[in-house]
Every structure is written in C-alpha cells, then in structure tokens.
Amino acid sequence: MPKLNLTISIDDVNPLKGWGAKGDIQMEYLDNLNKEFGAKFTLFIPSNYHNQAPLSKHIDWVNWLISKPYFELAAHGHYHACIDKRWGEAEFAELDSEVKSKDRVKQMMMEWEAVGYKPKGFRSPGWLCHPAAVGELEKYFKYVAIHYRHNREQKWNCKTLYGADGINLNKASIHNENTIMFQSHISGEWNDNVWNEKNYQQLRQSLKQLVDKNDIQFKTLREL
C-alpha cells in the first residue's frame, strides 16, 4: 500500500462572518473531517483582510484557532487587496520595489506579532508575487506554497511547495514526490473550490477512497 502525505490548505480565512468565524458552517466541516479521518489543515490568513479585519483586534479568534491542534496558521498577505485594480487581489504582484515590499511585509508581520504567533509559511494572494516582494518575503518564512504556472519560474531562497488540486475535484495528483495537496478557499463567489456542502461532501468521498487504497499521513504544510 503506497505511503503518501496528504495536506489540505484553505485560503482567505479571516475573522469576518462567513470567512472562518466561530459558528461558521465551514469551520464545522473542518472539525468533522478531523474527527472522521484525522485530517489537518493549513489556514492561510490575511493579516488585515480588505482592511476590515486586523488580527490585532481579533486575538480571541486567533487563540481559538491555535487551540485546535489540527490547524496550522500561515500568512496570506496583509490586505489581500490592491490599489491598482488591474491586479485584482494579487496584493504582492503590484509591490514593484524594495521599499513598497518592506513596508507591506512589515505591516503584515506587526499584526502577527500583536497576537503572539509567528507563521512559518506564506502563500501570495492571487498566487502572484513581484520579484521585489519575493526578496523580502523569503527572509521571514520557512516555506512558500506556490503554483506551478503562476509562480512564473521565480526562485525562492526557502522551501517551495507546489500543488493546487481543488477540493471540488474527483481526482488527485502527486506533488513534491509523495504528497497529495488539496487547495481551497474558505468562501467567495469567484472560486469553485470553496467550502460549501457540495464540495465538503466531494472531499469526504475523495478522502474515503484515498484512505482505503493508500497509507495516508495527514499533515499540515509546516509538517512536510
């Protein structure tokens, strides 16, 4: 029976209602999958999502997440928004200078410091990242989770983890030699891999089949 790691990462998690707050159905889905399979999750969290949810104002929420041993908290930008709307929400793609990048990373890390948590991993909002921002981000993180195509062959001086198979898919690929990497978004009308009932049930079926046919070790990205 093949031995495989399996990770599930979730982007855009934040304390706003419907995006990962206490009582949200999405968080119940995660709890259920942990109870049923032992699943673990890496939560990619913007430090001040859309300038509406600074982590420093939601310490209790952060502590609630930390209290669950099957969650890893990772960084996912600061605002998850752009000044130049042509970039959508790919925040670190428009930071085209060392000065801009240092300032934004500093703002991001100050929010994490305020809640007493130092994330080990990072994923760029919208997957894109300007080379100037890469040079600054790699100073702070042990790993980055990136996309084969959207990374655009940039070289990082930290561990890189590739892979982005949606939780809505009925098949999975092997990435990074021996790892199945499900990627998702906590909510949002513009993505098809969000945590709704349909995708939750699809992932349950996928996990059942994978666990039945393989020796699966559930891990957070930090544990890889």
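Reply: A residue counts as buried when its relative accessible area is under 20%, as exposed when it is over 50%, and as partly exposed in between. Gly188 has 15% relative accessibility, so Gly188 counts as buried. Note that the model is predicted. Gly188 sits in the loop that runs between β8 (179-185) and α5 (197-213). Its distance to Ile8 can be given in two ways: Gly188 and Ile8 are 180 residues apart in sequence, and 18 Å apart in space from C-alpha to C-alpha.

Now to the rings. A pair of aromatic rings is described by the distance of the centres and the angle of the planes. Searching the whole structure gives ten aromatic pairs. One of them joins Trp19 and Tyr49, with 5.4 Å from centre to centre and 40° between the planes, and this pair is tilted. Trp19 belongs to the loop between β1 (3-11) and α1 (25-37), while Tyr49 belongs to the loop between β2 (41-45) and α2 (59-66), so the pair ties together parts that are 30 residues apart in sequence. Are these two residues buried or exposed? Trp19 has a relative accessibility of 15% and counts as buried. Tyr49, at 3%, counts as buried too.

Another tilted pair is made by Trp112 and Tyr117, whose ring centres are 5.8 Å apart and whose planes are at 40°. Trp112 has a relative accessible area of 0%, so Trp112 is buried. Tyr117 is buried as well, with a relative accessible area of 14%.

Rings can also be linked in a group. Here, ring pairs connect Phe41, Tyr70, Phe71 and Trp195 into a cluster.

Trp127 is a further loop residue, placed between β4 and α4 (131-137). With a relative accessible area of 15%, Trp127 is buried. Between Trp127 and Lys198 there are 25 Å in space, C-alpha to C-alpha, and the two are 71 residues apart in sequence.

Lys120 lies between α3 (98-114) and β4 (121-122). At 32% relative accessibility, Lys120 falls between the two cut-offs, so Lys120 counts as partly exposed. Which residues form a positive surface patch? The patch consists of Lys118, Lys120, Lys142 and Arg222.

How values were computed
Residues numbered from 1 in each chain as written. Predicted model: local features only at pLDDT ≥ 70, side-chain atom pairs only at ≥ 80, totals over all residues. Heavy atoms only, no water. Phe/Tyr/Trp six-rings, centres within 6.5 Å; stacked < 30°, edge-to-face > 60°. Helix = DSSP H or I, 4+ residues; strand = E, 2+ residues; numbered from the N terminus. Buried < 20%, exposed > 50% of the residue type's maximum accessible area, 1.4 Å probe, protein only. Patch = residues over 30% accessible without salt bridge, like charges linked within 9 Å, V, L, I, M, F, W, Y side chains within 5 Å. Areas by Shrake-Rupley, 256 points an atom, 1.4 Å probe, with all protein chains shown as cover. Salt bridge = Lys/Arg side-chain N within 4 Å of Asp/Glu carboxyl O. Lys, Arg positive; Asp, Glu negative; His and termini not counted. Charge placed at Lys NZ, Arg CZ, Asp CG, Glu CD.
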